[in-house]
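Let's take a guided walk through a protein model together. Keep the sequence at hand and turn the structure as you read.

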Amino acid sequence: MIPSSLRHWIQEHKIKWLPSSRDSALVEFSFPAIIIGLLIGCLLCFTNLYFGLQTGFISMMSLQSALIGFLVSKMLPTPLTPQEIILVQTTATATGTMPLAAGFVGIIPALGLIDQERDGSPPIHLTWVAGIGWSCAVAFFGVFLSPPIRKQVIIEEELAFPSGTATAQLISVLHKLPPPDTSLRRRNGYQSVGDQELDEETDVRPVRETTPLRHPETTPTAGWHELLWSFVASSLLTLAAYFFPVIFAIPLFGNYLAREWAWSFTPSLSYVGQGIIMGFPTTLSMNMGMLVGWGILSPIAKFSGWAPGPVGDMTSGSRGWILWVSLAIMCADSLVSLLPVAWEFVVDAFRRMKYGSSSQSEGKNDGELETADRLVPGRWVIVGWCASVLVGIVLVWIVFGHEGIKPAATFAGYVIGGLLSILAVRALGETDINPVSGLGKISQLFFAWIQPGNIVANIIAGGVAEAGAQQAGDLMQDLKTGHLCGASPRAQFYGQLIGSVVSIFVTTTAYSLYTRVYPIPGPSFPAPTAYVWLSFARLLRDGQLPAKSDVFMVGFAIIFALIAAVKFYAADKQVWWAKWVPSGVAFAIGFLNTPSFSIARLIGGILEYIFRTRYAKSGGDIRLIVIASGFVLGEGVTSVISLILKTCGVGVASCWGCGQSGVCGGCSV
């Protein structure tokens, strides 16, 4: 049901798309919206798989999906309504984030790295059919968790979900609607498209420190031109780099540093676009981690003899050595960030047990605006979750066998994953960060006790927990957007299910194609998070660490636990410098990825900061978001073309420069 203030405004302006209160969720569940959402989601799926295997980083792209969906809908005879745009966004998100939710950027490559002699189990390489089975096992239980969690965190607790709120504001701006009625204070820079007088007439409240890391602003929406040229530019550069790999491996700091210490530069426009989307504070944290990890710790480990192998070797080189420090930073940051959320959850549960639910809602109106026919029925949730868990247990047993993970242990993984999903959603709602990596490690800790000594079971259990936390968190952002804009939760639920079903086949097929053409992990797709999963599982089993790494792990864990506490305190007090406190997760990603990946993102972050502070600080302008989206999608789509060329035997045109700057991803010299 649409909020009354928005309904009155629409009636005054004689907007015709307004549904009546008697309309069901099917009014918003339109075929064009689903098709557009699936098309955008499939592009995002290939893009996220491509970048996830390269860097371990994927983007939810909710705001960008809504923006692209809006631009596409303008070409239709009847443009989509704001609520249908939300359905586009929800479907695209469910489709595009499956590479991470199903573990194709970390869990599946990690299983392929298992060593028979060291781990007591042969490496596991899933066939296409087995990949479909595994994806079906983890694709739905997070979706069925989202409706009851929505009731708690969006309706009752009214958590911020900054990115979901930002997307709702953007959708309102694009459709020239009043800003959504939200308890969040409105972000600076937002104003209605084509209405320069709105800023003077609208109550603009101060910005909270829980607003998203990036601050997209809006201007007249002639976005197709920017989207097209940025897409073409990124595509052409990516295609050129396929035939001449040295383009993406420039020895910016000299041939010696590029060849021996992995210090090169990848001028990828998609990485620049990701930096724009991530924002300057996050990219700055990532590059600080890069300097510390690759500029200080890597040489120390190498020259001290703690990591005697080649620098880029994940087993004996300094890259594998600093991975452990990165793991300690991520765990410490995630743990400290989750402690306040977990404490609040326990306190709320205790109050409910002692005083009943009325005490929590005392003095607070029930914010549910939807009628029963637009909500997801409780019996659907119960039956769907139970069915997804039972089917998942059977499918995991079929795919991995009884020696891989026992059915009882798989069930425990689903239960633990469900509990951790609640923490993930609450953390995301308050901080805009979904700590899936830390939650996966918590699940691995549990399974080191439940099924000790089993590397396969430990990794799979972590994958199940990560899937639930990832899905529940990402979908909750979309549900927050829908709540603010009056979209039907049931229509969004349909979109989530359809997107998940389609993405099972798209993701598995794309991964199978990549593994046929490229070695994974390999030069082109190092899959850094795969080593994180496997290394942590081995640590829990053996308790052995590389030489002297334990000292640095403890030291950096303490430092970043304190930093995370300071960041939480600053954000809670809403001080201006909170966003400049380094992010532990971003800092650790700088360790995982070689400098070539981080530098280009810093360029994007700097561009975003300059544009936002100098050119878009008053008028509002979303052109930079459009350009960044074009950059990211351009390389993602062209990667499919490169995959086809590689499959057909069309190789690089020249490996000139690769011998001097280190081996490029497209060469074998």
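Buried here means under 20% relative accessible area, while exposed means over 50% and partly exposed lies in between, with a 1.4 Å probe and protein chains only. The side chains of Glu 608 and Arg 612 meet in a salt bridge, with 2.9 Å from N to O. A salt bridge is a side-chain nitrogen of Lys or Arg within 4 Å of a carboxyl oxygen of Asp or Glu. Both residues belong to helix α26 (residues 595-615), where four residues, about one turn of the helix, lie between their positions. Helices (H or I, at least four residues) and strands (E, at least two) are DSSP runs, numbered from the N terminus.

A word on what you are looking at: this is a predicted model, in which local features need pLDDT of at least 70 and side-chain atom pairs count only at pLDDT 80 or more, whereas totals for chains, interfaces and linings use all residues. Residues are numbered from 1 along each chain as its sequence is written, and side-chain values use heavy atoms, with hydrogens and water left out.

Now step back to see the whole chain. Its secondary structure comes to 28 helices and zero strands. Of its 669 residues, 58% count as buried. Contact means heavy atoms within 4.5 Å. Among the contacts in the chain with a separation of 6 or more, 81% join residues 24 or more positions apart. The chain exposes about 26300 Å², and carbon and sulfur atoms supply 66% of that area; accessible areas come from the Shrake-Rupley method with a 1.4 Å probe, and for residues only the protein chains shown count as cover.

How many salt bridges does the structure hold? There are four. Side chains of opposite charge can pair when their charged atoms come close. One of these bridges joins Asp 119 to Arg 541, with the closest N and O atoms 3.6 Å apart. This pair links distant parts of the chain, as Asp 119 is in helix α7 (residues 116-119) and Arg 541 is in helix α23 (residues 528-542), 422 residues apart. Asp 119 counts as buried at 7% relative accessibility, whereas Arg 541, at 25%, counts as partly exposed. Together with Arg 538, these two residues are linked in a network of salt bridges. Another bridge forms between Glu 260 and Arg 259, again with 3.6 Å between the closest N and O atoms. Glu 260 is partly exposed at 38% relative accessibility, and Arg 259 is partly exposed at 42%.

Next, look at how helices meet. The axes of helix α4 (residues 82-96) and helix α22 (residues 489-517) come within 7 Å and cross at roughly 35°. Residues that make this contact include Ile 86, Thr 90 and Ala 94 of α4, and Gly 495, Gly 499 and Ser 503 of α22. Axes are lines fitted to C-alpha atoms, for helices over the stretch in contact, and angles run from 0 to 180 degrees between N-to-C directions.

Why is helix α8 (residues 128-138) described as largely enclosed by the rest of the structure? Eight of its 11 residues are buried, so the rest of the structure largely encloses it. Among those buried residues are Gly 131, Gly 133 and Trp 134. Gly 293 counts as buried at 0% relative accessibility. The C-alpha atoms of Gly 293 and Ile 322 are separated by 6.4 Å, although the two residues are 29 apart along the chain. Leaving aside neighbours within four places in sequence, Gly 293 is in contact with Ser 298, Ile 322 and Phe 591.

Finally, some backbone details. Most residues other than glycine have a negative phi, and most peptide bonds are trans. Ala 262 has a positive phi of about 65° although it is not a glycine, and this residue lies in the loop between α13 and α14 (269-278). Lys 548 also has a positive phi, near 65°, and is found in the loop between α23 and α24 (549-573). The peptide bond from Ile 520 to Pro 521 is cis, with omega near -5°, and Pro 521 lies in the loop between α22 and α23.
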